[in-house]
Amino acid sequence: PARPSPSGGSPGLAMLSDAEQEEDFQRFVRRVDDIANLVQGLSSTDPAVREKTIAETERRLREETSKEEECKTTANRTVINTGASVRCCPLKLKLHGFLAVLEKDAKERAKQRKRNEHLANALKEKGNDAFRKGDYVLAVQRYTEGLEKLKDKQELYTNRAQAYLKLRQYEKAIGDCEWALKCNEECIKAYFLMGKANLALKHYSESRQCYEKILQIDPQKKSLFKDCMNEVNLEEKRVSDEERAMKEAYSGKLAAVSITELLQKLDRPDQNTLYYTGGIRLLTGAVKDSTEQTLFRTNNGFSILQDNEAVRRGFCAEEKTTAEVELSLSLLLLWQAVCAGNEENQRLLLSHPDVNAQLPKLLSSGLSEIQKETLALISLYSENENGRRLLVRHQDLTKWLQILMTFVSCTDTRAGSAMNILSDLVEEERFKTQCRVVFSSGVLPLFTQLLTSAKLVNQEALARCIGVMGNLCADGAIRAQMAECHECWQACLKLVDECFDVNTPTYRECLFAALGLMMNLLLESNVAIQYSAVDVSSRCMSLLEDKDGRIVTRAIGVLSRVLPASSAAVEEVVKGGVVRKMIKFLKAGGQITSSYGIKTLSICTRSNGQAQEDLVKADKRFGVLLKLLDSENETIVGNAAFCLGHCLAVPGAATSLLNSSVVMTLLKHAGGDATRTSVQKNAAVALGKLCVAEPRHIFQLRKLNGLAILNSSMKYVHSS
């Protein structure tokens, strides 16, 4: 947004008015541009451009000559002009001299600019050093000196604007940002700083316009834009709330008066604990809406711990007496009342060092009522994005995953509240990063213990906890640590085994979540997975008889990911009839089941002759595979073609496909434009193997003019 340059914006230009500064700057830029354009035109390899530039130079020369004549005539009209013979020289001689002067001037200016740029950069670094040390006045001075050397250096303007922001000289900061934009109209830093300065001046509309401009320049800055706009919205709401609250306070509204009076009474020193507890409970009852929340804040309600040693001592006590427990509960309830839906109050509460330090301690206190209210308070933050960011910013969440997981053993509402918080926090990348620190040493042993004690803990909470761990697997470092843990795999297997004895709905939810977790862990490849592959695959084979379709689908999914890790596991499942079972599921299953099922078959038939024979017997004339080849899902098509290609090695398999549409279907995929090249490759390989195993398919291929595609596919056949 266009704003007039502030007066006194640059100490180095203080003697000039704003209009003179602007005119001087623009004249400087135009002169540099004109000279650069003339030199570039005269050096052009294009004759037309060169001729046009010469004409323009001649025009300027005439203008200069005319001005010179006027000057000389005005200066002394009585003197005979002895230079007449020079002016009568041909124009080309003048042009040659002018160009020589122009070139010399350009070179001199380039050298001088280089020297000035070196000096300006040195002053910029000195300014940066002063800024880092917190000496913002000195930083402004150094940046100003740099601008005296090089007035069109954008970085000096934005750096000085940042220093002005620190000095709360917001108008000067805006002025420097505007100068920076004259140097570079797409300077994101200038718009960012200008937005901050406008926000400080309560120019909310202008601030939003600055941030919108950032997004227009770089659409990749969505996260920055979102954060900045959120900051503007919160600040505008805070100011509005405080203005409304002050009006009500001045009007003598009873609720407003009671908040003020109660806070004053709580300010009295050296009272007993019960006195403060009672006062805090009365204060909590007086907070009904955002007006009272704002009055609590504007009357320094959050300083109660800082200003009242008796309250602080009771809240922070390691071993709390009954009275101190009641005091702590009253504080937690008060903070819930003043922070519910009020992000400014939430920010202020978490910025208090004692609250920050005590929250994890209260969660680990073992006192159920304190834990409940602490969880309720934290939930106010975790249930919205801004609150979660406050938690991540102000709290060390390194041990929070471990602390919150312990509530899985609780049979009351604490378990659900803790899992709600975890489910929310896992959305934050910085939370995942912090979890890595003690994951192997603290989290994994506890999680393994919970899995092995599934019968004894809160199973509904355990299912959600397993789901949280599955979501944490999106972090590669966490997933790798978990997948390498042999005890974790054994605990998962134990949970699967116990599902046959415990058939309650909540336990089945644990089983469903555990299968999902195993699927995520199987994205890794390591010794622990290879070691457990046979046991995992055998448990999944048992689950294929389950009546719950969700569990069956996930069991097939685990099979599709664990079998590549072990040829022994493939042999065991083939002996167990996996091919026949997969064909049954593929006939009736949905897309997800089909995707897992055909992947399982492709793995089994790739290297196991018995699996190939079983598939030819179970899928008469390849009816199921041909149907899958017509799927719109490229993964399913690719695996179906892969599987078919392997099974054509079985005697009679290729012959059974005569008079079918298989050649046309494979040809369509081999010459198609699927985004996955594996689809074309697998279809081409299958087509080649089909014609090799049963040459009569070549006649159909000729009719479809597909020999060229077959020839191109032979390289795949020989390499497969």
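This is a predicted model: local features need pLDDT of at least 70, side-chain atom pairs count only at pLDDT 80 or more; totals for chains, interfaces and linings use all residues.
Residues are numbered from 1 along each chain as its sequence is written, and side-chain values use heavy atoms, with hydrogens and water left out.

Let us start with the overall picture. The protein has 40 helices and zero strands, both taken as DSSP runs numbered from the N terminus (helices: H or I, at least four residues; strands: E, at least two). Of its 720 residues, 47% count as buried, that is, under 20% relative accessible area with a 1.4 Å probe and protein chains only. Among contacts (heavy atoms within 4.5 Å) between residues at least 6 apart in sequence, 70% join residues at least 24 apart.

Two helix pairs are worth a visit. Their axes are lines fitted to C-alpha atoms over the stretch in contact, and angles run from 0 to 180 degrees between N-to-C directions.

| Helix pair | Angle | Axes apart |
|---|---|---|
| α28 (residues 505–521) and α30 (residues 549–562) | about 25° | 9 Å |
| α12 (residues 273–286) and α16 (residues 322–339) | roughly 20° | within 9 Å |

Helices α28 and α30 are therefore roughly parallel to each other, the word for angles under 35 degrees. α28 passes α30 in a left-handed crossing, meaning that the near helix is turned anticlockwise from the far one by less than a right angle. The residues of α28 that meet α30 include F512 and M519, and those on the α30 side include I551 and V558. By class, this contact of α28 with α30 has nine nonpolar, three polar and five charged residues (nonpolar: Ala, Val, Leu, Ile, Met, Phe, Trp, Tyr, Cys and Pro; charged: Asp, Glu, Lys and Arg; polar: the others, Gly among them).

Helices α12 and α16 are likewise roughly parallel, and α12 passes α16 in a left-handed crossing. Among the residues that meet are Y276 and I280 in α12, with L327 and L334 in α16. The contact of α12 with α16 divides into 10 nonpolar, four polar and three charged residues.

Finally, say hello to K124, found in helix α4 (residues 91–132). At 15% relative accessibility, K124 counts as buried. Leaving aside residues up to four places away in sequence, K124 touches Y143, E155, L156 and N159. K124 and V140 are 16 residues apart in sequence and 9.8 Å apart in space, C-alpha to C-alpha.

Terms used. Angles under 35 degrees count as roughly parallel, over 145 as roughly antiparallel, 65 to 115 as roughly perpendicular and the rest as oblique. Buried means under 20% relative accessible area, exposed over 50%, partly exposed in between (1.4 Å probe, protein chains only).
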